[in-house]
Amino acid sequence: MTVLETIQRSAEFLTRKGVESPRLNAELLLARVLSLPRMRLYLEFERPLAAAETDLMREWVKRRGLREPLQHILGGSNFCGFEFRVDSRVLVPRPETELLAEAAWQYLNSREGEPVVLDYGTGSGCLAVTLALKAPKCRVLAIDVSPDALEVARGNAQVHKVDGRISFILSDRLVAVTPGAKLDLIVGNPPYIATEEVSRLEPEVRLFDPLLALNGGIDGLDHYRFLAAEAGGWLSESGKVMLEIGDGQEIAVRELLEKQNWIVEAEIKDYNQRPRIIVACQR
Ligand SMILES: C[S@@+](CC[C@H](N)C(=O)[O-])C[C@H]1O[C@@H](n2cnc3c(N)ncnc32)[C@H](O)[C@@H]1O
């Protein structure tokens, strides 16, 4: 089969399996099989595939047809321009979380001295590593309750050579972090899906992201409730929290924070103009 025929057949197969953007997925997989930039495929439509290339492409398209995320098959995900290894041990980083990263590094770079930031539920380490790279004076505490996730995050920090500035801490919520740590910032994208909704998510998420990274309790707000009540004890006087929230959770999260004496300073909207990041400081 030629490159063009392979793309067409793969895209048809992925369409039947309900994959979003089937042609793009087919092209990205084939580009990786052939070790070419995707756009080069368009100059090589008539190139015949070698048997080994066809076999690998077939295997990968089959996996994608079973709704395994593209990032798991390719072994990595781009976040803020940096490459992160991801697999079934961690959440695949999402584009809206890049907005949180950007707000956080801008804030850290505006602080005097060596600010300390805690990444609550670090997963792949996408936030912790990006902040260490983009805010070179900061120190990072990256916590997660999943030892598997911490292993992935540590690996990503090593690849980006910032492991010396990040402490990886196995912690259920903040129990393993010294109270009164005087953090300048707690940043986090905690699990925020209501338990009942998890089974209704797309297969890529429901079957391949860890449940621990998704399930935010009965109403999805368990971690916000905890952070609103407790996070102040770990912050410096002028410290802030910057939290990603689920679509439609802004009123509930704002209320939780304000009831516990926080001032909501800003809400940042995602690419669909939906509020997805809440920035708050203590009264
Ligand atoms: C939605 S994922 C976010 C991962 C990563 N920060 C990102 O934005 O891609 C939430 C993370 O919180 C972690 N987590 C869940 N419950 C936790 C708990 N009780 N204490 C600490 N971390 C927890 C999960 O293991 C998961 O890695």
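What is the handedness of the crossing of helix 11 and helix 12? The crossing of these two helices is right-handed, a crossing being left-handed if the near helix is turned anticlockwise from the far one by less than a right angle, and right-handed if clockwise. The structure is a predicted model, in which local features need pLDDT of at least 70 and side-chain atom pairs count only at pLDDT 80 or more, whereas totals for chains, interfaces and linings use all residues. Residues are numbered from 1 along each chain as its sequence is written, and side-chain values use heavy atoms, with hydrogens and water left out.

The chain contains 12 helices and 9 strands; helices (H or I, at least four residues) and strands (E, at least two) are DSSP runs numbered from the N terminus. The radius of gyration is 21 Å, close to the 19 Å given by the globule rule for 283 residues, so the chain is as compact as a globular protein of that length. This radius is taken over C-alpha atoms, and the globule rule is 2.2 Å times the number of residues to the power 0.38. The C-alpha trace spans about 65 × 40 × 35 Å along its principal axes. The domain assignment, which is automatic or from a database, gives domain 1 (3-66) and domain 2 (87-282). Their C-alpha centres lie 35 Å apart.

Two packed helices are described by the angle between their axes and the distance between the axes. Axes are lines fitted to C-alpha atoms, for helices over the stretch in contact, and angles run from 0 to 180 degrees between N-to-C directions. Helix 1 (residues 3-16) packs against helix 3 (residues 51-65) at an angle of about 20°, with the axes 10 Å apart. Helix 1 is therefore roughly parallel to helix 3; angles under 35 degrees count as roughly parallel, over 145 as roughly antiparallel, 65 to 115 as roughly perpendicular and the rest as oblique. The crossing of helix 1 and helix 3 is right-handed. In this contact (heavy atoms within 4.5 Å), T6, S10, F13 and L14 of helix 1 meet M57, V61, K62, R64 and G65 of helix 3. These residues divide into 4 nonpolar, 3 polar and 2 charged, where Ala, Val, Leu, Ile, Met, Phe, Trp, Tyr, Cys and Pro count as nonpolar, Asp, Glu, Lys and Arg as charged, and the others, Gly among them, as polar.

Helix 1 also packs against helix 2 (residues 22-33), at about 130° and with the axes 8 Å apart. The two are therefore oblique to each other, and their crossing is right-handed. Residues in this contact include I7 and A11 of helix 1 and A26 and L30 of helix 2. The contact has 8 nonpolar, 5 polar and 2 charged residues.

The axes of helix 11 (residues 222-230) and helix 12 (residues 250-259) come within 8 Å and cross at roughly 25°. Y224, R225 and A228 of helix 11 meet V253, L256 and L257 of helix 12.
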